[in-house]
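This report walks through selected local features of one protein chain. Please have the sequence and the 3D view at hand while reading.

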Amino acid sequence: MSDTDPLLRAVSDGNPACPDGRALARLGELIRAHSQLPGDSDLAPLVRSRLDADDSVSIAPDPVDAVAIDLAWDGVRAAGSPAMDGDDSLARLGELIAGASSLPYPVDLADRVRQRLKNADRQPDMPQLEKGGRWRIWSAVISAHVAALVAIAIYQTAIHDRDQGGSADAVSITMMKGVRASDPGYTGPEMPTRLPMQWSEMHEVGTDLFLLRRFPELREEARRHYGMERSGAAVSGGLSWLESSQHADGSFGKLSGDGDRDLATQSLAALALLGEGLGDQKRTAAIRGSLAWIDAQLDDEHFHEHGQVPAGIACLALVEGGLLLADPALRAQAEDVLIELDRGVPVQPGAAGLGGFTLLALETACQGGMRVPPRLLEQGRRNLGRSLPTQEDDAGRLGLAAFSRLIYGYRGKTSTSRQLEVLGTLPPQPSAAGQVNPLGWFFATLALREAGDVAWDRWAASLQAALVPAFEATPDGGMRVPAAKVRYADGDGGDVFATSLAILNLQAAYRYLPLDSR
């Protein structure tokens, strides 16, 4: 379960504003207290068996605990049980579950859980079922309560759709091309019924900003939907080459000795790996090694030796790593760096909109529930997200302004339309010298992908025509973009810089969950 879910965060915190938040937090304490089995216990087969209604597989609980569990499940206090006796919170929790079990629409979650387990089998780096624990507690109390909460959410979604003129049966759909998940030709994970209009609605709608990265099926479907099929082999080969060029300390390629340049280059490589998301153990190991190297460069002694732009890129890598990998230690490191970024000096967009990496770090962290310095967040939104560029031949700067307006819900503003129109006159093309400029195109790529329609189709075609031929095969079977082919990529580490930026542009189809384009 992702900690980007506001309900789960409220439950974890015991937030009284969440219905029975403290009761659920108390239940967690009881589970941990009753989950000390000798050795490791893999619960996945037991879950599958339970779903198939096979009573032949079970773990016999201690008789005393079994009685206590049954009584708690039935909403009755277990006299003589110190863990349960007199616990009003658990009694209230039982009432909540009982109340949720009489919804007007029947909900069968078995197929959904089976699909989740199937997906988890293909993603070894996803969080595993907690090892050690009493099967009856997990299968009865926890599973049923989560089912009740999910049922409520599905019921509310169905009611919302029906009220909007939709079908109450359309519980979930794929968003790509408006195709339903049940339609022929698509069998991957399902997308949410409703998309947010802006990033700040992510919590309200209950969606995950990184959803498309979490499943290989969704990445492929997004690539197809956004017309980026031609780039698939280049992205895969580029990531393979990055992984093969990683050293034991987590860095990629040859360092230049310039602290800012090395930090930016290594962080861009980490972002390229993170952009491909979950589903590959080797990639996950490479990500963790890279983030460890980045974090070491941002300790208290050296942080202020780095400029705002490379520090912002590095912070974005740590934020995405903490959220995508659901790693509390990485989250804490990212939050520390966010605090250090607040230097009291206004952040500026700069050429090519490179200050936008800081804005992405702030907004991504904010949507992921991280602690973000309020002053820095407001400065970023005011100086990076709202300021209008005066120079109309800088695609990156225009792209940052347009992308910011789109994620803030200003799609219908005249200024947003104007910026998108101008971007359409600046297609990504090699220079007269034959060099491409993925650094200057990145924020324009994000903006036009979010805008969609004909403007994106044209940009995507030009982008692939410019970048895909820049990749060259390497002896190890990977692909890289030579530094000589990319603007600003000269010097040591240039190939890593060039390849990472090319990949980042080509991953735009699935980097972030799309917004509602109505």
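The side chain of D327 reaches the backbone nitrogen of L330, at a distance of 3.2 Å. D327 sits in the loop that joins α14 and α15. With a relative accessible area of 15%, D327 is buried, because the cut-off for that class is under 20%. Beyond its neighbours up to four places away in sequence, D327 touches R288 and G322. All of this refers to a predicted model, in which local features need a pLDDT of at least 70.

A326 also belongs to the loop between α14 and α15. A326 has a positive phi of about 50° although it is not a glycine. A352, in the loop between α15 and α16 (356-367), is likewise not a glycine and has a positive phi of about 60°.

| Residue | Relative accessible area | Class |
|---|---|---|
| A326 | 34% | partly exposed |
| D327 | 15% | buried |
| A352 | 13% | buried |
| G253 | 22% | partly exposed |

G253 is found in the loop between α11 and α12. Its C-alpha atom is separated by 9.0 Å from that of Q266, a residue 13 places away along the chain. Leaving aside neighbours within four places in sequence, G253 is in contact with S245, H247 and V496.

V496 also takes part in a helix pair. Two packed helices are described by the angle between their axes and the distance between the axes. For α12 and α22 (residues 494-506), the angle is about 35° and the axes are 8 Å apart. On the α12 side the contact is made by T265, L268, A269, L271 and A272, and on the α22 side by V496, F497, S500, L501, I503 and L504. The crossing of α12 and α22 is left-handed.

The buried residues of α13 are R283, T284, A286, I287, S290, L291, W293 and I294. Helix α13 runs over residues 281-297; at 1.5 Å a residue its 17 residues should span 24 Å, and the 25 Å between its end C-alpha atoms agrees with this. The N-terminal end of α13 is capped by D280, with a side-chain oxygen 3.0 Å from the backbone nitrogen of K282.

Which residues touch the most other members of the largest nonpolar core? They are W199, I294, F357, L360 and L423, in a core of 113 residues. Helix α14 (residues 308-324) supplies the largest share of this core, 10 residues. Not counting residues up to four places away in sequence, F357 touches L268, L271, G312, I313, L316, F442 and F443. Of these partners, L268 and L271 are also part of the contact of α12 with α22. In soluble globular proteins, nonpolar side chains tend to be buried together.

For the chain as a whole, there are 23 helices and 2 strands. Buried residues make up 52% of the 518 residues. Among contacts between residues at least 6 apart in sequence, 72% join residues at least 24 apart.

Terms used. Residues numbered from 1 in each chain as written. Predicted model: local features only at pLDDT ≥ 70, side-chain atom pairs only at ≥ 80, totals over all residues. Heavy atoms only, no water. Core = buried A, V, L, I, M, F, W, Y, C linked by side-chain atoms within 4.5 Å. Buried < 20%, exposed > 50% of the residue type's maximum accessible area, 1.4 Å probe, protein only. Helix = DSSP H or I, 4+ residues; strand = E, 2+ residues; numbered from the N terminus. Contact = heavy atoms within 4.5 Å. Expected span 1.5 Å × (residues − 1). Polar contact = N/O pair within 3.5 Å; in protein donor to acceptor, adjacent residues only side chain to side chain. Axes fitted to C-alpha atoms, helices over the stretch in contact; angles between N-to-C directions. Left-handed = near helix turned anticlockwise from the far one by under 90°.
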